[in-house]
2 protein chains.
Amino acid sequence: MYNKLLSDIALGKRKADLVLKNCQIIDVFSHGIEKGDIAIQDGIIIGIGEYSGKKEIDVENKFVSPGLIDGHVHIESSMLAPSEFSKLIIPKGTTRVISDPHEIGNVKGVKGLGFMLKSSLDTPLHVHIMIPSCVPATSFETSGSTISSEDIYSLKNREGILGLGEMMDYPGVINGEKSVLDKLDIMKDTNIDGHAPGVYGKDLNSYLLHRIKTDHECSTKEELEEKVRRGMYIHLRQGSATRNVKALSKGVTKHNSHRLLFCTDDKHPMDIVEEGHINYNLNLAIQEGVDPITAIQMATINIANCYQLKQVGGIAPGYIADLIVFDDLNHIEPSIVFINGKQVSKNGKVLFKTNKIENIHVINSVNVNVNEINLDLKLKNNHVKVMRLIENNVITKEVHRTVTVKDGLYVNDPNQDILKIAVVERHHYTKNVGVALMEGYGIKNGAVAMTIAHDSHNLVVVGDNDKDMMIAIQELKDIQGGITIAHNGTIVDSLQLEIAGLMTNQEFNQVKDKLIQMNKAARELGVNKKIDDPFLSLAFMSLPVIPDLKLTDKGLFDVKLFMPTKIEVSE
Amino acid sequence: MYNKLLSDIALGKRKADLVLKNCQIIDVFSHGIEKGDIAIQDGIIIGIGEYSGKKEIDVENKFVSPGLIDGHVHIESSMLAPSEFSKLIIPKGTTRVISDPHEIGNVKGVKGLGFMLKSSLDTPLHVHIMIPSCVPATSFETSGSTISSEDIYSLKNREGILGLGEMMDYPGVINGEKSVLDKLDIMKDTNIDGHAPGVYGKDLNSYLLHRIKTDHECSTKEELEEKVRRGMYIHLRQGSATRNVKALSKGVTKHNSHRLLFCTDDKHPMDIVEEGHINYNLNLAIQEGVDPITAIQMATINIANCYQLKQVGGIAPGYIADLIVFDDLNHIEPSIVFINGKQVSKNGKVLFKTNKIENIHVINSVNVNVNEINLDLKLKNNHVKVMRLIENNVITKEVHRTVTVKDGLYVNDPNQDILKIAVVERHHYTKNVGVALMEGYGIKNGAVAMTIAHDSHNLVVVGDNDKDMMIAIQELKDIQGGITIAHNGTIVDSLQLEIAGLMTNQEFNQVKDKLIQMNKAARELGVNKKIDDPFLSLAFMSLPVIPDLKLTDKGLFDVKLFMPTKIEVSE
């Protein structure tokens with residue numbers, strides 16, 4: 001890029017296209033604040049000092065920091081297409097994300113990644129893609145696709161790919177399983193994200209032999225400290241379900257902060273709008289006593305260093321002009337956001353347009369035939385294992401209950417807080433249906449169903465009668481994915497998620513209105529009021545890597561024993 | 001690299017080949033000290049904790065830190081082949097160097113780089129090569145070779161290449177000259193080293209537009225601070241001639257130290273043996289009040305981060321087992337050095353062997369014909385510019401003197417402290433000879449000549465009579481490079497530097513003995529006793545980028561005006 005004009009602008013011989021005047025510049029390199037102007041041309045920061053521009057914006061001594069980076073996010077959790085997602089987070093100051101499209105990967109494999117790569121071109125947000133490392137997550141469920149080591153090899157050098165997504169199969173890594181290590185070996189020259197909740201000591205040593213760099217699953221100060229000592233970069237995560245910033249902020253010191261990062265992992269659109277995005281992580285950490293500039297480093301230059309992103313994460317000549325302007329160093333709420341030197345948001349308003357991405361490969365993902373689905377739950381005795389929902393948590397508790405059995409089949413007892421739950425394979429018409437029992441949800445005369453069901457994203461449905469459950473399944477087939485509520489034989493309401501059954505091209509406001517409406521409807525049908533989100537709480541019932549009991553399309557799964565299990569309690 | 005054994009060792013199920021027991025491990029990630037064992041296998045650190053090994057070394061609670069890295073070095077300045085150089089620095093704790101073969105590049109171009117790449121395979125020292133960016137340094141001299149942007153392009157992805165060497169043409173960069181920016185553009189995805197002494201403000205902004213990362217030319221705290229603020233990594237340099245650690249240590253803070261590094265740049269073999277190598281930088285910085293662990297970070301993980309070296313610079317599972325053991329945290333003098341998990345030095349002794357590299361492309365580099373060389377200095381008047389040598393410095397001072405002229409030719413006056421100096425082109429038989437006058441050196445009835453003459457490394461010779469000067473030139477032709485002293489028509493002594501006229505395959509002790517002997521001989525012939533090194537002081541007389549007056553094979557050069565100049569003072 002030979003461009004004499006840029007040199008002339010840097011030297012003050014010619015005017016820059018844009019100059020931000022009177023900035024208090026956050027210096028993430030040496031942890032300071034510098035007063036000055038910032039000259040910008042062709043999307044690049046050209047100079048810091050005193051400059052004049054063809055256009056000048058007087059930021060009136062407000063703070064200007066590098067744009068914030070989300071170090072690890074599953075965009076799918078927003079239920080919005082990437083372009084629509086970007087409209088929520090850019091006004092909050094996030095200008096770049098490291099996205100692990102693990103969810104759409106489970107549904108649509110490499111084609112799902114292609115969709116994410118392509119659709120990220122349709123927004124000013126910088127999107128890096130990590131190749132999901134664990135698709136499917138386990139062999140105890142039927143995913144829509146697999147991402148093999150051969151796929152990883154062929155994707156490795158594709159434009160937009162930054163590395164390998166969170167290596168969740170930590171037992172496989174620790175124990176040196178070849179199929180897992182092969183994937184790590186293929187990607188060893190890139191960035192490899194970790195996922196190692198509660199892994200310590202020699203297990204951690206073994207996990208780290210293979211160039212895994214990061215962990216976003218730390219939940220205690222001590223875990224953070226050990227992992228940093230062992231060379232890891234640690235994400236302080238604040239998502240919708242998993243909220244670790246408060247606890248981990250106690251572990252931030254002047255000596256280790258340069259190895260600490262921020263991420264959201266999974267965050268719902270309404271939480272983004274209400275709380276903020278990565279700026280919320282910062283604001284929480286600052287509240288907990290983390291120095292504000294240190295917090296900004298953790299969301300900018302530290303992430304750039306960890307993932308070896310060039311000319312990113314700082315305000316310096318030659319750096320990409322991703323900048324945010326804000327008033328209060330202790331509560332970061334950007335008034336202006338620039339990406340590539342262009343104003344993309346002002347006072348919370350989005351200043352850019354995006355297009356809907358139409359992609360034939362990611363729609364039509366609900367492949368079930370209701371006539372071939374049987375929701376009967378056969379029981380050999382009436383003393384059974386029940387998945388006890390823990391409000392606002394992704395684990396379940398295994399409880400044992402006595403239920404009504406007639407002619408060898410489970411029968412709902414309206415006086416018991418127990419519902420039938422089914423996971424219906426929806427990718428390949430396999431007719432697989434796992435049926436089990438669940439406690440603590442509470443719907444009456446109805447059913448709730450959805451195609452978001454981690455990690456294989458089959459169709460999960462819960463209800464007190466089979467008829468409403470079947471109607472709900474049919475509805476999701478008709479709208480090709482989403483969330484629905486059935487009551488007394490009819491559909492109450494549905495949110496369509498036509499992209500892989502996970503995301504929608506609809507605008508956030510439509511989605512929000514629909515979700516508020518459906519949330520209300522679910523409460524009216526008796527769903528437990530202690531559950532913050534009646535739909536999301538179902539999405540983890542099918543994830544067979546989080547204790548105690550989970551249900552996949554292949555049946556009930558005991559996560560502690562890491563094997564399938566019978567519903568009946570063995571005598 | 002699938003290797004189940006490593007996982008088993010990490011887990012403690014099998015014994016490691018080597019375990020260092022009872023270490024005080026320097027934790028460069030979170031700035032601490034941890035007690036424990038270090039398990040090593042296949043050159044890799046496998047685990048930290050409690051381990052047992054097939055071989056165990058009890059380090060008895062000594063400190064163990066990552067091996068030290070020299071962030072920027074011209075190996076040629078040691079006058080030793082890389083393998084011999086490594087035998088000096090490894091016992092001092094340096095296990096890795098980032099080498100810029102700028103000198104041999106000027107003599108032998110791409111073939112010289114090839115020699116450095118290949119010969120670095122012959123030592124356990126890890127050697128990264130930066131492609132010299134400025135060969136030749138200027139167009140006012142005749143170098144042996146050029147390294148063009150086409151060469152740089154074709155070298156870029158060669159094994160062992162880490163980036164582009166110090167961009168010394170800072171005026172070219174700052175003013176946006178296309179030929180310079182083209183080189184930077186080719187290498188923009190790699191590492192680019194800077195060289196920007198005293199460049200501040202808008203000039204610095206312009207210099208930094210092109211992804212130049214580092215500077216090792218800072219000489220003041222303020223310069224360091226501004227450059228760090230602008231996103232640079234700064235090397236605190238301690239070489240033989242340029243000694244900046246003391247002044248710059250005052251600029252090290254807990255907030256900027258992660259952007260600070262150490263280097264030697266140019267260091268003579270005797271200084272390495274007497275003072276140390278990078279450990280000397282650390283020890284000096286520690287004396288100046290820099291925290292010892294911070295200093296270690298600056299020589300290990302910070303350099304790895306800056307140059308994006310993977311699994312380097314820390315003690316953690318999966319990291320390369322380059323380790324040093326030492327007693328005193330305030331004075332680092334390694335008792336044991338490990339590279340790739342192998343003991344390479346103990347108590348200052350070298351435990352590895354190297355081979356001489358024979359390479360036909362880098363010998364026979366002195367291409368002159370004494371019969372065609374004329375050392376006459378024609379003068380139109382007797383009032384002339386003289387290069388005043390500044391003792392132990394690389395600059396000269398321009399002074400004006402009246403000298404004796406007979407028949408239009410300069411004649412030496414034994415009562416004046418003025419000698420004839422000549423730079424003889426030695427690469428291409430061009431017969432170019434630049435002749436000028438020099439003050440402050442002081443040899444009587446003799447001459448000193450050498451083929452080390454920055455940056456083009458022509459043959460520089462100084463003397464009070466043409467006969468000895470010619471004999472000295474002939475001697476360097478006969479031995480194909482080196483340093484020689486002539487006196488009263490005969491050669492007193494010579495050091496052969498057969499590799500490009502810069503380095504030798506001889507062992508350090510031979511070189512040392514010879515240099516001590518020749519140093520003594522030079523003193524006896526009257527060389528100014530205030531000059532620490534009678535030979536090195538000549539090596540910079542030909543460098544036309546450092547003020548005031550310099551001499552190249554094309555004649556006298558006024559560095560301040562940056563143009564050739566006449567010897568006669570214009571009236």
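Me: How many salt bridges does the rule find across the interface of chain B and chain A?
Reply: The model is predicted; local features need pLDDT of at least 70, side-chain atom pairs count only at pLDDT 80 or more, and totals for chains, interfaces and linings use all residues. Residues are numbered from 1 along each chain as its sequence is written, chains are lettered from A in the order in which they are written, and side-chain values use heavy atoms, without hydrogens and water. A salt bridge puts a side-chain nitrogen of Lys or Arg within 4 Å of a carboxyl oxygen of Asp or Glu. Across the interface of chain B and chain A, the rule gives 4.

Me: Which side chain meets Glu34(A) in a salt bridge?
Reply: The N to O distance is 3.5 Å. The partner of Glu34(A) sits in chain B: Arg229(B).

Me: What area is buried between chain B and chain A?
Reply: Buried area is the accessible area (1.4 Å probe) that two parts lose on being put together, summed over both. Carbon and sulfur atoms give 53% of it. In chain B, Lys202(B), Leu209(B) and Lys310(B) lose the most, together 13% of what that side buries. The area between the chains is about 5,100 Å².

Me: How many residues of chain B are in contact with chain A?
Reply: Contact means heavy atoms within 4.5 Å. Chain A contributes 60 residues. Chain B contributes 61.

Me: In β23(A), which residue is the bridge partner of Arg388(A)?
Reply: Strands β18 (383-389) and β23 (433-439) of chain A run parallel, joined by 2 bridges. Strands are DSSP runs (E, at least two residues), numbered from the N terminus. The partner of Arg388(A) is Glu439(A).

Note on methods
Two strands pair if DSSP finds at least two bridges between them. Helices (H or I, at least four residues) and strands (E, at least two) are DSSP runs, numbered from the N terminus.
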